Amino acid sequence: MLSLIVWTLLITTSIKYVAVVMRADNDGEGGILALMSLLGIKHGNRAGVIAIGVLGRGVVYGDGAITPAISVLSALEGLKLPGTGDAPYVVPLSVAVLIGIFALQAAGQRANRKNCSAPS
């Protein structure tokens with residue numbers, strides 16, 4: 001029974017992803033805004049499609065902001081020892097780690113843009 005469930009989920013997900021989702025592009029661009037523009041072009045219901053696209057983009061931005069914060073906070077809370085009194089330092093240390101991570105991310109994005117625009 002477990003094998004049936006696993007293979008059904010695997011095949012269904014693979015077929016849907018490869019056959020349907022991977023073909024949905026907007027001149028080589030992907031993501032929720034590309035899907036939104038494709039739906040708007042084909043169905044003509046612009047207001048509803050724009051509302052769904054804005055909602056979807058907001059969910060993606062929210063997920064991108066909250067996931068690193070939860071991961072870092074969980075990791076640092078796992079480091080604290082019972083009875084040592086280091087609990088007040090978990091949140092400030094989490095903020096410092098997140099600021100460092102996002103600062104390094106911006107530097108990496110600048111370096112990536114510089115390398116991508118260099119002639120080959």
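Trainee: How many aromatic pairs does the count come to?

Mentor: The count comes to 0 aromatic pairs. A pair requires ring centres within 6.5 Å of each other. Keep in mind that this is a predicted model. A ring does take part in another kind of arrangement: the charged end of Arg57 sits over the ring of Tyr61, at 5.3 Å from the ring centre.

Now the wider picture. The protein contains 4 helices and 0 strands, and along the sequence the order reads α-α-α-α. Of its 120 residues, 9% are buried. The accessible surface amounts to about 9600 Å², and carbon and sulfur atoms hold 70% of that area. Among contacts with a separation of 6 or more, 26% join residues 24 or more positions apart.

Part of the surface is a nonpolar patch of about 470 Å², formed by Met1, Leu4, Ile5 and Leu9. Met1 belongs to the segment before α1, the helix that covers 2-20. Met1 counts as exposed because its relative accessible area is 76%, and the cut-off for that class is over 50%.

Lys80 lies in the loop between α3 (46-79) and α4 (90-117). Leaving aside residues up to four places away in sequence, Lys80 touches Asp86, Ala87 and Val90. As for Val90, its C-alpha atom is 7.8 Å from that of Lys80, although 10 residues separate the two along the chain. With a relative accessible area of 35%, Lys80 is partly exposed; the value falls between the 20% limit for buried and the 50% limit for exposed.

Ile101 is part of helix α4. The relative accessible area of Ile101 is 41%, so Ile101 is also classed as partly exposed. Its C-alpha atom lies 9.2 Å from that of Pro68, a residue 33 positions away along the chain.

To return to your request: the rings form 0 aromatic pairs under the counting rule, while Tyr61 has the charged end of Arg57 over its ring.

Key
Residues numbered from 1 in each chain as written. Predicted model: local features only at pLDDT ≥ 70, side-chain atom pairs only at ≥ 80, totals over all residues. Heavy atoms only, no water. Phe/Tyr/Trp six-rings, centres within 6.5 Å; stacked < 30°, edge-to-face > 60°. Lys NZ or Arg CZ within 6 Å of the ring centre and 35° of its normal. Patch = residues over 30% accessible without salt bridge, like charges linked within 9 Å, V, L, I, M, F, W, Y side chains within 5 Å. Areas by Shrake-Rupley, 256 points an atom, 1.4 Å probe, with all protein chains shown as cover. Salt bridge = Lys/Arg side-chain N within 4 Å of Asp/Glu carboxyl O. Helix = DSSP H or I, 4+ residues; strand = E, 2+ residues; numbered from the N terminus. Buried < 20%, exposed > 50% of the residue type's maximum accessible area, 1.4 Å probe, protein only. Contact = heavy atoms within 4.5 Å.
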